[in-house]
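Let's take a friendly walk through a protein model, stopping at a few places along the chain. Have the structure open as you read.

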Amino acid sequence: METPGSQSSLHRANLERVVRAVRLAGSLTQAEIARTTGLSAATVSNIVRELKDGGTVEVTPTSAGGRRARSVSLSGDAGIVIGVDFGHTHLRVAVGNLAHQVLAEESEPLDVDASAAQGFDRAEELVGRLIEATGVDRSKIAGVGVGVPGPIDVESGTLGSTAILPGWTGARPAEELRGRLGVPVYVDNDANLGALGELVWGSGRGVRDLAYIKVASGVGAGLVINGRIYRGPGGTAGEIGHITLDESGPVCRCGNRGCLETFAAARYVLPLLQPSHGPDLTMEGVVRLARDGDPGCRRVIADVGRHIGSGVANLCNLLNPSRVVLGGDLAEAGELVLGPIRESVGRYAIPSAARQLSVLPGALGGRAEVLGALALALSEMGDSTLLDGSLAVATPAFT
């Protein structure tokens, strides 16, 4: 038994710090590990050697700043994580390893009127199909991350009443899928996972404070503060779609009037164009037509951008993020929507906050949420199993 404060317990703590840093980043050079963990270069070198001998990490030659370096990542066969994204019209599942490599991914339509039980059935089936396709042993599953389009009560794990998917209110996705898959399951709303996906793999890389704005059937924001998702005590932080823009505006699904969502979400925007463009118009179609020069679609997208910019300006004044990433179909409109967003931010945000802000389209498109679900599973899993399983034959080199 390790005694707190002993050399062996300090060594174990250092091992876990290095493994956690690599697990969250995907891969790091030894110099980056030292900066991230605060450990000395010599200590990191010894720990990496030990972890490599034990099969926990892989070390490959690379370069950093024009100099030769060694990139450290978790072993590709150390385990796998699974991401599940329940959308308004789709179900997407991805399987990845602990080195942040996606091994398999698939998406299929999801009936928005389906019950939660039917959605869980479809997810269980798709997870099983992808695991079989990769040939990975189920015992290697370290955890599952799940995204849902609505707030999750942090105490009960229950999906809130403002969920966009009908028939899902009161569902407990983590509990349900844990029972079906027999592994740890972690759940968050899709905007938070979009933020996490862009932070790890996309347009948010390298920043510590950002907001990911997802515009689809609803409008939500995932907030990253000091490198971590901020959820608030009740799990509802980031509901930017319910900022009031007009007290006399349309009635929102939340019961209030004139919320940002009623000026930007697809369910409110599409009816503006359907009389002239037909009843089958989608936001993807609006964006495509706007890029081709359609004046009505370009005007609507610009208006939506200005409204979103008003909400982003409020975020700037409150939280002062360094970057805002726009996700969802609307991001494909590029400068047609980003320009009006920046215009509103410049008009309504505190000048110093506006100057420090960059507004970018998401780099991951429709994959942001499912990759964020993988990142959630990676961030929540512990390191003890990795260390205990792979270092049993390694000889400790106390540092």
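## Around helix α10

Just after α10, Asn320 takes a positive phi of about 55°. Helices here are DSSP runs of H or I with at least four residues, strands are runs of E with at least two, and both are numbered from the N terminus. This is a predicted model, in which local features need pLDDT of at least 70 and side-chain atom pairs count only at pLDDT 80 or more, while totals for chains, interfaces and linings use all residues. Residues are numbered from 1 along each chain as its sequence is written, and side-chain values use heavy atoms, leaving out hydrogens and water.

How far apart are the end C-alpha atoms of α10? They are 35 Å apart, which agrees with the 36 Å that 25 residues (295-319) should span at 1.5 Å a residue; the expected span is 1.5 Å times one less than the number of residues. At the start of α10, a side-chain oxygen of Asp294 comes to within 3.1 Å of the backbone nitrogen of Gly296.

## Thr37 in helix α2

Thr37 belongs to helix α2, residues 30-37. Is Thr37 buried or exposed? Its relative accessible area is 11%, so Thr37 is buried (buried means under 20%, exposed over 50%, partly exposed in between, with a 1.4 Å probe and protein chains only).

The side chain of Thr37 reaches the backbone nitrogen of Leu39 at 3.3 Å. Setting aside neighbours within four places in sequence, Thr37 is in contact (heavy atoms within 4.5 Å) with Arg17, Val18, Ala21 and Val44.

## Val251 in a loop

Val251 sits in the loop between β11 (228-230) and α7 (261-264). With 46% relative accessibility, Val251 counts as partly exposed. Not counting residues up to four places away in sequence, Val251 touches Asn256, Arg257, Thr262 and Tyr268. Leu378 is 127 residues from Val251 along the chain, and their C-alpha atoms are separated by 40 Å.

## Aromatic rings

Rings of Phe, Tyr and Trp (its six-membered ring) pair if their centres lie within 6.5 Å; planes under 30 degrees apart count as stacked, over 60 as edge-to-face and the rest as tilted. The count by this rule is three aromatic pairs. One of them joins Phe86 and Phe120 edge-to-face, at 6.0 Å centre to centre and 80° between the planes. Phe86 lies in strand β4 (residues 80-86) and Phe120 in helix α4 (residues 116-134), so this pair ties together parts 34 residues apart in sequence.

Phe86 is buried at 0% relative accessibility, and Phe120 is buried with a relative accessible area of 3%. Together with Trp168, Phe86 and Phe120 form one aromatic cluster.

Definitions and conventions:
Polar contact = N/O pair within 3.5 Å; in protein donor to acceptor, adjacent residues only side chain to side chain.
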